[in-house]
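Let's take a friendly walk through this model together. Have your viewer ready, and follow along from the charged contacts to the pocket.

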Amino acid sequence: MTLIQIIEILEARVVFGPNADETEILSVCASDLMSDLLHFSVRPKAMLITGLTNSQVVRTAEISEIKAVVFVLDKTPEREAVELARQKNIPLLVTRLSRFTACGRLYSEGLRSCTGEDR
């Protein structure tokens, strides 16, 4: 699924989004605990859904090779997070949806967990 399709499904706005029509997403992680993402082996081409808005989210995404980040509940990422995302070329989206609803919509469209436990 492309990032542009995800933007439509989540009714998201793009904070920073290079190549949204070309960025492929194959799985989703949803967490506010960045240590969990660092602990688990994340599938390639994963996207993160979170309520955290600081630069640590972008740093964790980079280390975990996460391709995009979605902030829920209309939370706007901090300026430092946006600047770091620009430097690292990691798209950032914001949706008004809750984490639960965002995950449910993406699951119903065929995306699965980035940790692979739902194979």
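What follows covers salt bridges, a ring contact, a pocket and a few backbone details.

First, some ground rules. This is a predicted model, in which local features need pLDDT of at least 70 and side-chain atom pairs count only at pLDDT 80 or more, while totals for chains, interfaces and linings use all residues. Residues are numbered from 1 along each chain as its sequence is written, and side-chain values use heavy atoms, with hydrogens and water left out.

Let's begin with the charges. How many salt bridges does the structure hold? There are six, where a salt bridge is a side-chain nitrogen of Lys or Arg within 4 Å of a carboxyl oxygen of Asp or Glu. One of them joins arginine 96 to glutamate 11, with 2.7 Å from N to O. Arginine 96 lies in the loop between strand E5 (92–94) and helix H5 (99–108), and glutamate 11 in the loop between helix H1 (3–10) and strand E1 (13–16), so this pair ties together parts that are 85 residues apart in sequence. Helices (H or I, at least four residues) and strands (E, at least two) are DSSP runs, numbered from the N terminus. Both partners are partly exposed: arginine 96 has a relative accessible area of 46%, and glutamate 11 one of 44%. On this scale, buried means under 20% relative accessible area, exposed means over 50%, and partly exposed is in between (1.4 Å probe, protein chains only).

Glutamate 11 also meets the side chain of arginine 105 in a salt bridge, at 2.9 Å from N to O. Here arginine 105 sits in helix H5 and glutamate 11 in the loop between H1 and E1, 94 residues apart. Arginine 105 is partly exposed at 26%.

Another salt bridge pairs glutamate 62 with lysine 88, 3.4 Å from N to O. Glutamate 62 is partly exposed at 37%, as is lysine 88 at 35%. Through shared partners, salt bridges join Glu11, Arg96 and Arg105 into one network.

Helix H3 also contains valine 57. Is valine 57 buried or exposed? At 0% relative accessibility, valine 57 counts as buried.

Now for the rings. The charged end of arginine 112 sits over the ring of tyrosine 107, 3.7 Å from its centre; the criterion is NZ of Lys or CZ of Arg within 6 Å of the ring centre and within 35 degrees of the ring normal.

Next, turn to the second largest pocket, which has about 170 Å³ of space. Its lining residues include Pro18, Glu22, Lys67 and Asn89. A pocket is an open set of points on a 1 Å grid over the protein atoms alone where a 1.4 Å probe fits, with protein on both sides within 12 Å along at least five of seven lines; lining residues have an atom within 4 Å of a point.

Most residues other than glycine have a negative phi. Phi of asparagine 89, however, is near 60 degrees, a positive value. Asparagine 89 lies in the loop between H4 and E5 and is partly exposed at 45%. Leucine 73 also has a positive phi, about 55 degrees, and is found in the loop between strand E4 (68–71) and H4.

Technical notes:
Points joined across faces, edges and corners; volume = space filled by probe spheres on them.
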